[in-house]
Amino acid sequence: MLKGKISNASILVRVLVWLGIMGVLTMVAFGVWFFLPNRDGLVGMKWLQLLQSVATFLLPALAGAYLWSNTPMQWLHLDSKPSWQEALAAVVVMLLAIPGINLLSAWNQQMVLPEWMSGIEQWMRMQEDAAAQLTEQFLQVDTVGGLLVNIGLMALLPAVGEELTFRGVVQGMFTRNRHVAIWATAAIFSFVHMQFYGFLPRMLLGAMFGYMLWWTGSLWVPMLMHFVNNCAAVVVAFWAYNYLEEGSAEMLDTIGTEDTILLGVFSICIVLIMMVMYGYFYSHGKILTNEKDEETEKDF
């Protein structure tokens, strides 16, 4: 009965219900974490990351799709599996994009706000430093088991949960113009991370994920790309911390910057060309039946 009422409700009601579910589940997650016997220290932070990923992104997205649609997997584009060619192309594009992302990130980090916004800039720097410090602590593991935990926690869960939320739910709420939907969702995706010295590359990544969803009709594609991006950083950091000299852990983040800036420029150019070709192929060489968009436009 509740499902039927929500599916016929206005978009504002649906958004409020979805945010309500997200808020309740997030509070439950914090409550569970608070009563964990080992919540202090790094292990406790990893438990918090796990609980927050599931409660804030994964479960609300699935619950929202279930309440809004009679075919939630189709609404989320989880019913369409990509071909191996589509999956391979997505992985190649993502790997080729890494130097360009690093270059854009380096440029973004040079951002300086006006003097009257110095307080905001200081807060942004503190947020960035705290996030970087926590990430570094997470990555410093010396066992294969620790590596697998990090891959699950820092690559797999964010890829699934965040893509379900942003490309699956948020992007699906914008129905009038697909380009607006993709870029608005990408901006929200980047803003939610609260790391503004990486806002530009993260937004562009989100846009790339959004276009890949549009062209392939499968949410599994941006999930795969998101996973590859995060997993590459986790694996390279593990290798660097354990087998290379001290200070090598940031090696992946520096490819495409400073002495290798030409590689970063080439990365941006080649990925742009590949994305344009990808879009052209799916626009002219293959007609997609996007039933989710048809249902979304009718329902919203």
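A: Let us begin with contacts, where contact means heavy atoms within 4.5 Å. Leaving out residues up to four places away in sequence, Asn 108 touches Phe 196, Tyr 197, Gly 198, Phe 199, Leu 200 and Pro 201. Asn 108 has its place in helix α5. The C-alpha atoms of Asn 108 and Leu 200 are separated by 6.5 Å, although the two residues are 92 residues apart along the chain. Please note that this is a predicted model, in which local features need pLDDT of at least 70, side-chain atom pairs count only at pLDDT 80 or more, and totals for chains, interfaces and linings use all residues. Residues are numbered from 1 along each chain as its sequence is written, and side-chain values use heavy atoms, with hydrogens and water left out.

Q: Is Asn 108 buried or exposed?

A: The general idea is a cut-off on relative accessible area: buried means under 20%, exposed over 50%, and partly exposed in between, with a 1.4 Å probe and protein chains only. Asn 108 is buried because its relative accessible area is 8%. Of the 300 residues of the protein chain, 45% count as buried.

Q: Which helices and strands does the protein chain have?

A: Helices (H or I, at least four residues) and strands (E, at least two) are DSSP runs, numbered from the N terminus. The protein chain has 13 helices and 0 strands. Among contacts between residues at least 6 apart in sequence, 73% join residues at least 24 apart.

Q: How is the length of a helix checked, for instance that of α2?

A: The expected span of a helix is 1.5 Å times one less than its number of residues. Helix α2 (residues 11–34) has 24 residues and should therefore span 34 Å; its end C-alpha atoms are 34 Å apart, which agrees. Its buried residues are Arg 14, Trp 18, Met 22, Thr 26, Ala 29 and Trp 33.

Q: Which residues of α6 are buried, and where do they fall around its axis?

A: In α6, the buried residues are Glu 121, Met 124, Glu 128, Phe 138 and Leu 139. Viewed down the axis of α6, these fall within an arc of 120 degrees, so they line one face of the helix; the arc is that of the directions from the helix axis to the C-beta atoms. On the other side of α6, Gln 122, Met 126 and Asp 129 are exposed. The buried residues pack against α3 (41–68), α7 (144–173) and α10 (220–243). As for length, the 22 residues of α6 (residues 118–139) should span 32 Å, and its end C-alpha atoms are 31 Å apart, which agrees.

Q: What does Asn 230 touch?

A: Asn 230 belongs to helix α10. Not counting residues up to four places away in sequence, Asn 230 touches Met 154, Ala 155 and Pro 158. With a relative accessible area of 17%, Asn 230 is buried.

Q: How should I read the surroundings of Phe 209?

A: Phe 209 lies in helix α9 and counts as buried, at 1% relative accessibility. Apart from neighbours within four places in sequence, Phe 209 is in contact with Met 94, Glu 163, Arg 167, Pro 222, Met 225 and His 226. The C-alpha atoms of Phe 209 and Ile 182 are separated by 8.5 Å, and these residues are 27 residues apart along the chain.

Q: What is the phi of Met 194, and what is that of Glu 258?

A: Met 194 has a positive phi of about 55 degrees although it is not a glycine. Met 194 is found in the loop between α8 (178–192) and α9 (199–216), and counts as partly exposed at 26% relative accessibility. Glu 258 has a positive phi of about 50 degrees and is likewise not a glycine. Glu 258 is found in the loop between α11 (251–254) and α12 (261–284), and its 67% relative accessibility makes it exposed.

Q: What lines the second largest pocket?

A: Rolling a probe the size of a water molecule over the atoms shows where empty space is left. On a 1 Å grid over the protein atoms alone, a pocket is an open set of points where a 1.4 Å probe fits, with protein on both sides within 12 Å along at least five of seven lines; lining residues have an atom within 4 Å of a point. About 410 Å³ of space lies in the second largest pocket; grid points are joined across faces, edges and corners, and a volume is the space filled by probe spheres set on the points. Of the 19 residues that line this pocket, Leu 204, Met 208, Val 271, Leu 272 and Met 275 are the closest to its centre. The lining has 16 nonpolar, 3 polar and no charged residues, where Ala, Val, Leu, Ile, Met, Phe, Trp, Tyr, Cys and Pro count as nonpolar, Asp, Glu, Lys and Arg as charged, and the others, Gly among them, as polar. At least two residues of the lining come from each of α5 (84–108), α9 and α12.
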